[in-house]
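Let us learn to read a protein model together. Look at the structure first, then follow the dialogue.

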Amino acid sequence: MKTIRIFISAPEDVVEERRKADDVIASLQPRYAGQFRLVPVTWEDLPLQVDASFAQATDLVLSAESGIDVAVFVLWSQLGAAQGAFLTKGEGAERGSSTARDFELMLSAREASAGTRP
């Protein structure tokens, strides 16, 4: 049975909304039973690596071959926690937040998959 992994990126000001997104996914599962399995993925679900920072471990899991099929971004008044200087994008510019970093990662994964995921 095919598994559809749904990444939910949400900063800490939308905790209740993130829970509701999980509830929606759970409520849809019976409708698609036998066709595919819906699996919500949040950063709390990702394994920590002893030899990598949390951000590096997140990159590996989310951009892996079996990565994310659907990306959902829940936003309200902030874009997530500020990231340290060691996290850079492109030409050395710092990333502004963890949510912005998640978004860039999903865009990169989409490009790498020729637009098929997420």
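**Reading the model step by step**

Pro40 in S2 is the bridge partner of Ile6. This is a predicted model, in which local features need pLDDT of at least 70 and side-chain atom pairs count only at pLDDT 80 or more, while totals for chains, interfaces and linings use all residues. Residues are numbered from 1 along each chain as its sequence is written, and side-chain values use heavy atoms, with hydrogens and water left out.

Q: What is the mean pLDDT of the chain?
A: First the term: pLDDT is the predictor's confidence in each residue, from 0 to 100. The chain averages 78, and 75% of the residues score at least 70.

Q: In what order do the strands of the open sheet stand?
A: Two strands pair if DSSP finds at least two bridges between them. In this model three strands form an open sheet in the order S2-S1-S3, with parallel pairing. S2 and strand S3 (70-73) stand at the edges with a single partner strand each, so one side of each has no neighbour in the sheet. The twist averages 20 degrees from one strand to the next.

Q: Over how many bridges do S1 and S2 pair?
A: They pair over six bridges, in the parallel sense. Arg5, for instance, stands opposite Val39 in S2. Here is a general idea to keep: in a regular strand the side chains alternate between the two faces of the sheet.

Q: Which strands does H1 lie across?
A: Start with how angles are read. Axes are lines fitted to C-alpha atoms, for helices over the stretch in contact, and angles run from 0 to 180 degrees between N-to-C directions. Contact means heavy atoms within 4.5 Å. H1 lies across S1 and S2, and runs at about 165 degrees to S1. Helix H3 (residues 98-112) lies across S1 and S3, at about 155 degrees to S3.

Q: Is S1 mostly covered or mostly open?
A: Buried means under 20% relative accessible area, exposed over 50%, and partly exposed in between (1.4 Å probe, protein chains only). S1 is mostly covered, with six of its eight residues buried. Across the chain of 118 residues, buried residues make up 32%.

Q: Which residues make up the largest nonpolar core?
A: A nonpolar core is a set of buried Ala, Val, Leu, Ile, Met, Phe, Trp, Tyr and Cys residues joined through side-chain atoms within 4.5 Å. The largest one here has 10 residues: Ile4, Ile6, Ile8, Ala10, Val14, Ala21, Ile25, Phe36, Leu38 and Val74. S1 gives the largest share, three residues. A second, separate core has seven residues, including Phe7, Val39, Leu46 and Met106.

Q: Which residues does Ile6 touch?
A: Leave out residues up to four places away in sequence. Ile6 then touches Ile25, Leu38, Val39, Pro40, Val41, Val70 and Val72.

Q: How many aromatic pairs does a search of the whole structure find?
A: Rings of Phe, Tyr and Trp (its six-membered ring) pair if their centres lie within 6.5 Å; planes under 30 degrees apart count as stacked, over 60 as edge-to-face and the rest as tilted. The search finds two pairs. Tyr32 and Phe36 are stacked, at 4.9 Å centre to centre with 20 degrees between the planes. Phe73 and Phe103 are edge-to-face, at 5.4 Å centre to centre with 75 degrees between the planes. This pair links distant parts of the chain, 30 residues apart: Phe73 is in strand S3 and Phe103 in helix H3.

Q: Why does Phe36 count as buried?
A: Because its relative accessible area is 18%. Tyr32 has 26% relative accessibility, so it counts as partly exposed.

Q: Where does Asp13 lie?
A: Asp13 lies in the loop between S1 and H1. Its contacts include Trp76, Ser77 and Gln78, leaving aside neighbours within four places in sequence.

Note on methods:
Helices (H or I, at least four residues) and strands (E, at least two) are DSSP runs, numbered from the N terminus.
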